[in-house]
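Let's walk through this structure together, one step at a time. Have a look at the sequence and the model, then read on.

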Amino acid sequence: MKFLWFHLMPYRELPDDFKDKHPSVWVDIHSSLFDPKRAHHMYNEFLDELEHAAACGFDAICCNEHHSNGYGLMPSPNLIASALARRTTNTAICVLGNSLALYNPPTRVAEEFAMIDCISGGRLIAGFPVGTPMDTTYAYGTNPSQLRDRYYEAHDLVLRAWTEKETFAFDGRFNQQRYVNIWPRPIQQPHPPIWIPGAGSVETWRWAAEMDYVFCYLSYYGYKMAQNVMKGFWEEMARLGKDRNPYRAGFAQVVGVAESRSQALDLYTDAAEYFYGRCLHVDPRFAAPPGYVTEATQRAGIESQVKMAAQGKTPSGPSTNAASATKMQSLARDMKGIVDNGYVVVGSPHEVVEQLRELATTLNVGQLMLMMQFGNLSSDATKHNARLFAETVMPKLKPLFSEWENRWWPQPMGTSERATPPAFTPTAAAAE
Amino acid sequence: MREVSEPDTSTLDVNGFATRVWRKGKGPKIGFLAGYGGLPRWVPFLDRLAEKRTVIVPSLPGLPGGDRGHTVLDSHLDWVLAARDIIDKAGLAGADLVGSSIGGSFAAEVAAIWPDKVERLALIAPFGLFDANDPATDPWAQKQDDIAGLMTAQPETYRKLKEMPPGANSIEWPIEQTRAAEAAARIFWPLGNTRLERRLPLIKAPTLILWGEHDRLLPRSYARTIAEAIAAPTEVRVIAGAGHLAELDKPEETAAAILDFMR
């Protein structure tokens, strides 16, 4: 089993009355809430936390891309990844990822990922999300009716740019470039492992399987709520004749571990309530730009609602098929609801081990992404969470799935071949 | 209210997609290109036109009756050529033309780029412009329940237009309505601005510009901008009590204004 330490980089100081006074954490969140001098400290603490997680022995550290977002301060995850590449040595760097349709030309992604791969000595995992409606269509103004076609075309272009040896002309539907020839080029051959964050779209599952990529279900709602989606994913893999290698799949889970359950609740309640109460407060106006959800996925969603209604079932909790901003409207915001609904895994090391074992085996997921900084969790508490997890939880779960090969993990240069950046001593640097 | 009766329906081929055309009435032809959301059913406004004229209503790509025709249209030129193709194949070349909202934008484009195609023109709050000092509302960032009130002054009017009729396919009907919003987004995202203003001076047809008194989507100041840009004679009229899709809120008054102008 692989353990990836995932940071969203949330602005830690949204006001207490944020949810009542402000319509949305995303898209039109007010600029007056952002203090750049406070953000200076936050960014530096976030980077410390990621470096700390690497030092604790997590297999990878992860960052991702959001725009105009109060809970995700990484419009460019590549900037963060390049900083991490210099301050870590053996940990994989997972950028989950770059929303391909937003880059013009998309070869920018091929270039920057190749840079990170070179700087890090081949430690990059290249994530290619379509991106949320809030990020892509509203904040970035991309046409929702063309988003997916642009995404697939950009993917094809990036892949060719990485693998083709000669300069070539790309004559796409949306992108035309006379001379495609990226410098630098990635260390990993034929290219860094590609992971696809997504949700419950059958088309995405099929495509990821066809391309032999990892599919990552990035949910904020915990593994219990994810059962149907991952069941659907594995059924689709079976239909396509793919094996049940758990490393085909990733899942993100909020986790808080402490010496005991009551200590865990003391330590993590405020931060969890901040995350689900303030960070996931998104205006439903931004839920469903038309065209973002394909007609096939709409059809599957309506059919499953009709089926449930015919069976006399009412959905519990946010519907899998609902748009993310709609889901976020119906969330539990208090710790009891957050825990009862299983959004977060909190408890003693033993309790966390058992819940994550259940997560891994029921979802059949080998690439576990851990959100161990969430909401306004302080840097000290975050580091404690990571350290305790690495020492008490990770060793118990590490042997899981050892019978399977993880074909989707970075293949870096040998340690002896790699550059050794000098140890960073800020005080000495300042004195020079 | 007078009764609504069904038109004759035929289909024509637009870029390989079967496109619905409605036809009803007698007398000189008049074409109608529908607005935001399209026409999932025949409406009283068209009957009023059909009392005096042969009214011909081709669907636009992606709007109800237009199949998935929007999916092959990537550029503004693609869209405008599709609109011309539709006008020609529906037998509307050289006839009077009415367009509302989205359809208004295409009616204006065709009249500007191919002046011979349009005899007289009526535009009901057409898309295609954006003024940062008087911005249009974003129709694609709305709670689902708020759309109807944005489109018509009486939300019930739009809701009834979009209501699933008995016997309709309960899975495909809602998808078709979402598709209509997507088709509009495909050409007009994100601001509704296709720089139509630059082409308006090319319009040779006398043009009636209608605006709903309570249009919450497109500011009424755009009517003046349009009238001033068109070189041909123009007339601006406000339809009292109507919202963005004035022909739905006030079918009698809207049809009367058009028939009066095109007498």
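Helices (H or I, at least four residues) and strands (E, at least two) are DSSP runs, numbered from the N terminus. Axes are lines fitted to C-alpha atoms, for helices over the stretch in contact, and angles run from 0 to 180 degrees between N-to-C directions. This is a predicted model, in which local features need pLDDT of at least 70 and side-chain atom pairs count only at pLDDT 80 or more, while totals for chains, interfaces and linings use all residues. Residues are numbered from 1 along each chain as its sequence is written, and chains are lettered from A and ligands numbered from 1 in the order in which they are written.

Start in chain A, where helix α4 (residues 107-120) packs against helix α6 (residues 147-163) at an angle of about 45 degrees, their axes 8 Å apart. α4(A) is therefore oblique to α6(A), the word for angles that are not under 35 degrees (roughly parallel), over 145 (roughly antiparallel) or 65 to 115 (roughly perpendicular).

Now turn to where the chains touch. In total, 18 residues of chain A are in contact with 16 residues of chain B, contact being C-beta atoms, placed from the backbone, within 7 Å. Helix α11 (residues 295-310) of chain A gives the largest share of chain A's side, 5 residues.

Finally, visit chain B, which has 9 helices and 8 strands. Its C-alpha atoms fill a box of roughly 50 × 40 × 40 Å along the principal axes. Among contacts in chain B between residues at least 6 apart in sequence, 75% join residues at least 24 apart.

Notes: Contact = placed C-beta atoms within 7 Å.
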